[in-house]
There are 2 protein chains.
Amino acid sequence: MLTVAGGQALAGDRSAGKGKARVCVACHGVDGLSRMPDAPNLAGNSELYLRTQLTAYRAGERQHPQMSIIAKGLSDEDIADLAAWYSAIKVTVELPD
Amino acid sequence: MLTVAGGQALAGDRSAGKGKARVCVACHGVDGLSRMPDAPNLAGNSELYLRTQLTAYRAGERQHPQMSIIAKGLSDEDIADLAAWYSAIKVTVELPD
């Protein structure tokens with residue numbers, strides 16, 4: 001759990017996250033929809049899930065050739081901002097027949 | 001890589017996958033959009049990504065309290081069918097202002 005002094009959950013800044021997401025676009029798209037077959041869609045996932053995965057990559061609990069490297073350089077604030085941005089993207093779905 | 005004899009990639013059966021996905025609905029929704037804060041959206045992810053994650057959970061390379069248990073019981077065919085179903089769900093997004 002990303003917290004600030006006093007144990008409060010670190011609030012993410014969505015617009016800061018949009019800017020920080022520029023490094024993610026090649027694989028995850030400008031809109032959070034994957035552009036690479038081994039990369040997931042990020043759009044509309046919960047902040048908790050996104051924070052948990054980025055933290056897991058940073059801590060080495062989850063591994064991926066690119067993500068393990070990228071996540072190493074992320075601060076708690078970066079993670080909170082990125083999660084705020086991607087979770088704010090609205091997703092609608094259409095089930096196949 | 002899920003393959004059949006002769007090394008050909010195991011083709012997934014989307015409608016079989018829809019049926020098998022009934023056990024996933026509580027967390028991942030009927031439409032592949034997460035209903036639990038710690039569960040990701042599955043809708044529209046690539047077959048490769050979905051297969052890779054389910055295989056990683058089954059092999060213990062990736063861990064999650066529920067997924068590690070659920071994935072243990074999945075056959076290669078189950079994984080291919082589930083991936084075929086969720087990847088066939090069409091996703092559209094709307095970026096926040």
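Which residues in α3(A) meet which residues in α5(A)? The legends below take up this pairing and the arrangement of the two chains.

The model is predicted, so local features need pLDDT of at least 70 and side-chain atom pairs count only at pLDDT 80 or more, whereas totals for chains, interfaces and linings use all residues. Residues are numbered from 1 along each chain as its sequence is written, chains are lettered from A and ligands numbered from 1 in the order in which they are written, and side-chain values use heavy atoms, with hydrogens and water left out.

**View 1. Helices α3 and α5 of chain A.** Helix α3 (residues 47-59) and helix α5 (residues 76-87) of chain A cross at roughly 140 degrees, their axes coming within 8 Å. Helices are DSSP runs (H or I, at least four residues; strands are E, at least two), numbered from the N terminus. Axes are lines fitted to C-alpha atoms, for helices over the stretch in contact, and angles run from 0 to 180 degrees between N-to-C directions. The angle therefore makes α3(A) oblique to α5(A) (under 35 degrees is roughly parallel, over 145 roughly antiparallel, 65 to 115 roughly perpendicular, and the rest oblique).

**View 2. Residues joining α3(A) and α5(A).** Glu47(A), Leu50(A), Arg51(A), Leu54(A), Thr55(A) and Arg58(A) in α3(A) meet Asp76(A), Ile79(A), Ala80(A), Leu82(A), Ala83(A), Ala84(A), Tyr86(A) and Ser87(A) in α5(A); contact means heavy atoms within 4.5 Å. These residues divide into eight nonpolar, two polar and four charged (Ala, Val, Leu, Ile, Met, Phe, Trp, Tyr, Cys and Pro count as nonpolar, Asp, Glu, Lys and Arg as charged, and the others, Gly among them, as polar).

**View 3. The axis relating chain A and chain B.** Chain A is superposed on chain B by a rotation of 180 degrees with 0.0 Å of shift along its axis (RMSD 0.0 Å), which is the relation of a two-fold axis. The superposition is by least squares on the C-alpha atoms of residues with pLDDT of at least 70 in both copies. Among the residues of chain A, Thr92(A) comes closest to the rotation axis, at 2.7 Å (C-alpha).

**View 4. The interface of chain A with chain B.** In this interface, 30 residues of chain A are in contact with 30 residues of chain B. The two chains bury about 2500 Å² between them, 56% of it on carbon and sulfur atoms; buried area is the accessible area (1.4 Å probe) that two parts lose on being put together, summed over both. Tyr49(A), Val93(A) and Pro96(A) lose the most area in chain A, together 21% of what that side buries.
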